Amino acid sequence: MPKPKVLVTRRWPASVEAKLQQLYDVTLNHDDHPLSAEEFKQALQHYDAVCPTVCDSLPADVLSVANKRCKILGNFGVGYNHIDIAAATQQGLIVTNTPGVLTESTADIAMTLLLMSARRGAEGDRLVRAGQWTGWCPTHMMSSDVTGTTLGLIGFGRIAQAMARKAHHGFGMKILYVKPSPADQALVDDLQAVHCPSIENLLPQCDYVSLHCPGGSDTRHLINETRLNLMKPSAHLINTARGDVVDSKALIKALQQKRIAGAGLDVYENEPHIDPGFLTLENVSLLPHLGSATIATRTAMGEKVLANLAAFFAEESLPDRVV
Ligand code: DGY
């Protein structure tokens, strides 16, 4: 029996690529170039499984290419807003993702950004590198406390909960959250977390606001000018979710006008083409979508895709089926 044909769209950790090579007739992307729409269409026509990742765009016109061989998109990533899920469903394509294994590393990056933004870490680093540090003085680069302050979480899934644990147990932060469905009571008790009835209710109470909702049309520009205006002038906004959850232009304006104190961003609208307005601001800390970028996490993500492919080709139930 010939091995199933699998296409992997970007480089994956070496140990996972080696396993793929043992198990499948796999095509790897040795030069790690982003695939064009045409390359995706051909992949869907010539492979049994295509394994995209969060920077690949799979809109309806690509997914609906004629004469498809592909039956499964084994996505390397928990987020799948880059795949038109309605079109995938309509085309009979199975989609899987990689939940659970990137929770702690992504929450760590959210805390990193919170600390960087609060304590002006990136700004300080730039100052030292530019040779502009003239020495310690009592009023130099004063910043905001983190310990004992209030953190608001928009979305309260796995990553938000992990961040809440770090913030509450590590930094004594008070936790507020908004979530459409009720949160687990034991967790709420452990964190002494307070449920807010709306984003409007949460925002004015927080020193830090961290976003943890999925991307996509339902949450596009959830944080807009009106909502930014509800934040305290001393507050910081952290985004490790998806770039389009925040209206970039409105955030740039709020940061320019010091209507909020700072922001820490790991994700952007139209990634990796960051709005140039961010680049000239001192009060924003910018990371290149590093949330899950630890060796252990990226390897575990690859292993999750392997598990989903193995179940698919064995005709077993899929561990992480999206549709
Ligand atoms: C995901 O898996 O959706 C993350 O954004 C990757 O870090």
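His168 sits in helix H7 (residues 158–171). Helices (H or I, at least four residues) and strands (E, at least two) are DSSP runs, numbered from the N terminus. The model is a predicted one: local features need pLDDT of at least 70, side-chain atom pairs count only at pLDDT 80 or more, and totals for chains, interfaces and linings use all residues. Residues are numbered from 1 along each chain as its sequence is written, and side-chain values use heavy atoms, with hydrogens and water left out.

His168 is buried, with a relative accessible area of 15%. Buried means under 20% relative accessible area, exposed means over 50%, and partly exposed lies in between (1.4 Å probe, protein chains only). The side chain of His168 reaches the backbone oxygen of Met173 at 2.8 Å. This is a polar contact, a pair of N or O atoms within 3.5 Å; within protein, one must be able to donate a hydrogen and the other to accept it, and residues adjacent in sequence count only if both atoms are side-chain atoms. Leaving aside neighbours within four places in sequence, His168 is in contact (heavy atoms within 4.5 Å) with Met173, Ile175, Asp190, Leu191 and Gln192.

The strands were examined next. Strands of a sheet pair through backbone hydrogen bonds, either parallel or antiparallel. Two strands count as paired if DSSP finds at least two bridges between them.

E6 pairs with strand E7 (residues 174–178) in the parallel sense over five bridges. Thr150 has Lys174 as its bridge partner in E7.

Further along, E10 and E11 pair in the parallel sense over four bridges. Asn239 stands opposite Leu265 in E11. Strand E11 (residues 262–265) pairs with E12 in the parallel sense over three bridges. Here Leu265 has Leu286 in E12 as its bridge partner. Gly262 and Gly264 point one way from E11, while Ala263 and Leu265 point the other way, and all are buried. Axes are lines fitted to C-alpha atoms, for helices over the stretch in contact, and angles run from 0 to 180 degrees between N-to-C directions.

A second open sheet has five strands in the order E2-E1-E3-E4-E5, and the pairing is parallel. Strand E2 (25–27) and strand E5 (94–96) are the edge strands, each pairing on one side only. Neighbouring strands of this sheet are turned by 20 degrees against each other on average, direction ignored. Strand E4 (residues 72–74) pairs with E5 in the parallel sense over three bridges. Gly74 stands opposite Thr96 in E5.

Val50 belongs to strand E3 (residues 49–51). Val50 is buried, with a relative accessible area of 0%. Not counting residues up to four places away in sequence, Val50 touches Leu7, Thr9, Phe40, Ala43, Leu44, Cys70, Ile72, Leu73 and Gly74. Val50 and Leu309 are 259 residues apart in sequence and 9.9 Å apart in space, C-alpha to C-alpha.

The residues around the ligand (a heavy atom within 4 Å) are Val54, Gly77, Val78, Gly79, Leu102, Arg242, His289, Ser292 and Met301. An oxygen atom of the ligand is 2.7 Å from a polar backbone atom of Val78. A ligand oxygen is also 2.6 Å from an N or O atom in the side chain of Arg242. For the side chain of Ser292, the distance from an N or O atom to a ligand oxygen is 2.7 Å. The protein covers 92% of the 230 Å² of accessible area that the ligand has on its own. Accessible areas come from the Shrake-Rupley method with a 1.4 Å probe; for residues, only the protein chains shown count as cover.

His289, one of the residues around the ligand, lies in the loop between E12 and helix H13 (295–313). His289 is partly exposed, with a relative accessible area of 23%. Phi of His289 is near 45 degrees, a positive value in a residue other than glycine.
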